[in-house]
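Please open the structure in your viewer and keep the selection tool at hand.

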Amino acid sequence: METETQIAFEGTKEEKEIAARAFEVMKRKGMLFGANAPIKMSADAIVKALTKEGGAMSGRNAADLTPRLISALEKNPAVFGREAGGDFVTTKSGRAPHSQNGGQNTHTFKQRLNTEATTLDAGASREYVETLMNRAAEREAFIDTLADMPAPPTPRNTPHLPPQPHKPVEFQTLIPSHLIPKPPVVEEPDEEPREEPVQPAPQRATEPAAPTPTTPSVPAPATPAAAQTPTASAPASAPTGTPAVPAPTQPQTAAPATQPAATTGTTPPATEAPARRPEETAAPRPAATTPATGVAPAASTAPPTVAPATGSAQPATQPRPQTPSAQPQPTEARPAAAQPAVDTPPARPKPAPAAPAAPVAPVITGPIEVTVQTAGGPVTIDLTRSLDELLENEAVVATLEGTIGTMLESDTRIVRFGSEIFVEEATERFSKGDFRRIREYLEEPETGGVASDRDIMTDVLGRRAEHPDYDRARFSLNTKLLREKKDFEFVGIDTDRLWIIANSSPATHPVRKPAEIGQDYRYLEDPAIQSVEDEDAAEVPAYEHSLTYYEYENGVLPYDRRFKRIFPGAVFEDQRASLIRFEIPQLYGALIAELRYPTGNRGGFIMGLNELFTGHLVPGARFQIVPTDRGEDVFEVRYTSVKEREENLLQLDERRGRYVFRPVSYSVETDPAMLLTETKFGKLHNQKKLEEGERKKPDLIIINAFEAVGEDLDGKRWALFDDIFPVVNIERPISPTWLRTLLSGAYPYFYADETNEGAYFYDASKKPS
Amino acid sequence: MAANDITPTTRDLERLIDWMRRSGRPQTISSLVRRYLEMAREERGIRDAAK
């Protein structure tokens, strides 16, 4: 049947005709699509559809038609769009699609009406259609069987149906099971005696577990011969494929012994069997090799076992051969197992149970326990509990997170950014122009050289946070910027994704080079010192700090264990830095600092605090670093203001390269032990700054400190730890823990004073020359 | 693997990836675990009444 379109096509008369034909072909393909849903076809596919036998242009040469078709469609861009791959796209409404959401199917009928519907791919769809068609054919064959039953006394030569394999695709819920059309229920003849509930339940030989209630009630094939009971009356050449309808009029003893009960006329309908729960109907059937001879003792028939109600996931059981010695199990559910077969009525034989399992939703009456193999052994959980309750089991969640995470790690289709995971093919792509505009945005003075992904989304890409596609676009932006390593650098944390132009930094650089600072702090990554520092850090409740001269001079702080406890850390292993915002309530201001992460032989540190330290603090000043609720990378620096005072404090005369004491006014609370006053550390006056080679040797720095603050006792220098510590931290950072380690056995010429706790000796005579 | 063992398989992973693709937004590992348990429940015919 030809349909006529009302669309006015452009081009010559022939082109118009070709375009109209092509449109009809594409419309036919998308006949079930929405009016504006894109229908995509390649030119070859359209030509093939047109020129096939019975097609609108059958008989025409496909090779000749293809270029004409392309030309015709390209002259109608309003109707036919063209994708990068060359495919033509149109819609049922006859307008080339202009999708704004990248082909996403959110807000479609499918989404609104059936949120659980799953997209069918071509293969699965074909398989599903074939399954339905096969089942329809099987049902028709079965109805034919019913109609023909009374007539022939001999077995019908019905086609042998192979055992239906277990189809896992059914479990994948390509279409939710409750939406799959249910097979019609075949009515049972009324003449069937209903007062005979003692007949064995209908059995189907070796039929696998039906994954859905739509399993047709076709007589199942016979069990393999090996599983059948050999009897004297059984013919040696008994066919393994038993006819669907056996000879009902023959004496039962003459019936082939290998016929399964499901195929014999003695089998009562399912409606006569004791009511079974839906789980049982979906469960695999036991061995169906019950002889139909009727003379076999009941004890020799293996009673049918009812599979436990574990849902459709229960694997199919193999048929069990009969064991003559098997004791009958007089369970209430299957009394027929103990009933002698001679009692079976010689009624008109019936094929397999006609009534299929009632396709009702399974009723969950008890716990469904499953196990998860955790690190501590298998853990059993009850799936009938609520999801929230299940997620409270930390061991199970951790195991599943680990397993799924590991599987995703090795999957190249997956891309991650921080804690977020997505499918690479579904991410958005950005043009070179987009990246150029982002770069220009970061170069603007207003941004200060740093911008968050949200800023870029709003200010550069014009995306609104309320847009449903916002999260996907933001994730795409971050993953794409991360790949542009020559142009952009990630300096944020997972909860605040900040970007700068590569190798730039909005933070103030220290006096020394950052690389040198990192080397000075490398002790922080020393495992031997870390183990001791862990214990010390655990004793400190918050990040309280007394500023050392080295920190004051360079505007840095160590990225030590204490700070690691309050900062989330790097998102990526190769991340160089993160920016941190320090707010100073006393100053009504804030500054951006840069946390340089540890690498190789360099320790981590925070730089960019020069302005705060030199402008408002002094070496020895006490302050706190407090996390805020404004972000994991926003901290407050709190210190106590005191009445302004003036003291001679140590300073470096850069012109002479010597330390001098100069009067300094300050109004911040200080640690008296750390304040480098002239009265306490007067010997440091005019002391020369150590050379680079000297300051790299910790023992030389400590000796220098002993010379400056120690007392002479029998040719040895004696000093308190609290006096040594601020002095050694003039030249390079040395933590209290590391200093104690150096003073307690690392060098033979430093040792503790046994009589005075916290005091140490330096014995120059023990120092090798 | 025991019959009632719900350790994720490659088939489960495919279903999670498909779910993630259809969700149209990035997911966290926690949400994937939640969805996985949800699938395990649905496979056994368990559904939340609130859904």
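**First stop: two packed helices**

Select A:Ile701, A:Ile702, A:Ala705, A:Phe706, A:Ala708 and A:Val709 in H19(A); these residues meet A:Asp723, A:Ile724, A:Val727, A:Val728 and A:Glu731 in H20(A). Please bear in mind throughout that this is a predicted model.

Two packed helices are described by the angle between their axes and the distance between the axes. Here, H19(A) and helix H20, residues 721-731 of chain A, pack at an angle of about 130°, and their axes are 9 Å apart. H19(A) is therefore oblique to H20(A).

Now keep A:Ile702 selected. Which residues is A:Ile702 in contact with, leaving aside its neighbours within four places in sequence? They are A:Ile724, A:Val728, A:Leu742 and A:Phe750.

**Second stop: the nonpolar cores**

In soluble globular proteins, nonpolar side chains tend to be buried together. The largest nonpolar core of this model has 80 residues. Select those with the most contacts inside this core: A:Trp499, A:Ala593, A:Ile606, A:Ile702, A:Ala705, A:Ile724 and A:Val728. Helix H19, residues 698-709 of chain A, gives the most to this core, with 7 residues.

Next, select A:Val396, A:Ile404, A:Phe422 and B:Tyr36, which are among the members of a second, separate core of 23 residues.

Strands of a sheet pair through backbone hydrogen bonds, either parallel or antiparallel.

Focus on E12(A) and strand E15, residues 605-607 of chain A: the two pair in the antiparallel sense over 3 bridges. Within E15(A), select A:Phe605, which has A:Pro558 standing opposite.

**Last stop: where the chains meet**

Finally, colour the two chains separately. How many residues of chain B are in contact with chain A? There are 33, and they are in contact with 40 residues of chain A. On the side of chain B that touches chain A, helix H1 (10-23), strand E1 (27-28) and helix H2 (29-43) of chain B each supply at least two residues. Select H2(B) to see the largest share of that side, 10 residues.

Note on methods: Residues are numbered from 1 along each chain as its sequence is written. Chains are lettered from A and ligands numbered from 1 in the order in which they are written. This is a predicted model: local features need pLDDT of at least 70, side-chain atom pairs count only at pLDDT 80 or more; totals for chains, interfaces and linings use all residues. A nonpolar core is a set of buried Ala, Val, Leu, Ile, Met, Phe, Trp, Tyr and Cys residues joined through C-beta atoms within 7 Å. A residue is buried if 20 or more other C-beta atoms lie within 10 Å of its own, exposed if 12 or fewer, and partly exposed in between; C-beta atoms are placed from the backbone. Helices (H or I, at least four residues) and strands (E, at least two) are DSSP runs, numbered from the N terminus. Two residues are in contact if their C-beta atoms, placed from the backbone, lie within 7 Å. Two strands pair if DSSP finds at least two bridges between them. Axes are lines fitted to C-alpha atoms, for helices over the stretch in contact, and angles run from 0 to 180 degrees between N-to-C directions. Angles under 35 degrees count as roughly parallel, over 145 as roughly antiparallel, 65 to 115 as roughly perpendicular and the rest as oblique.
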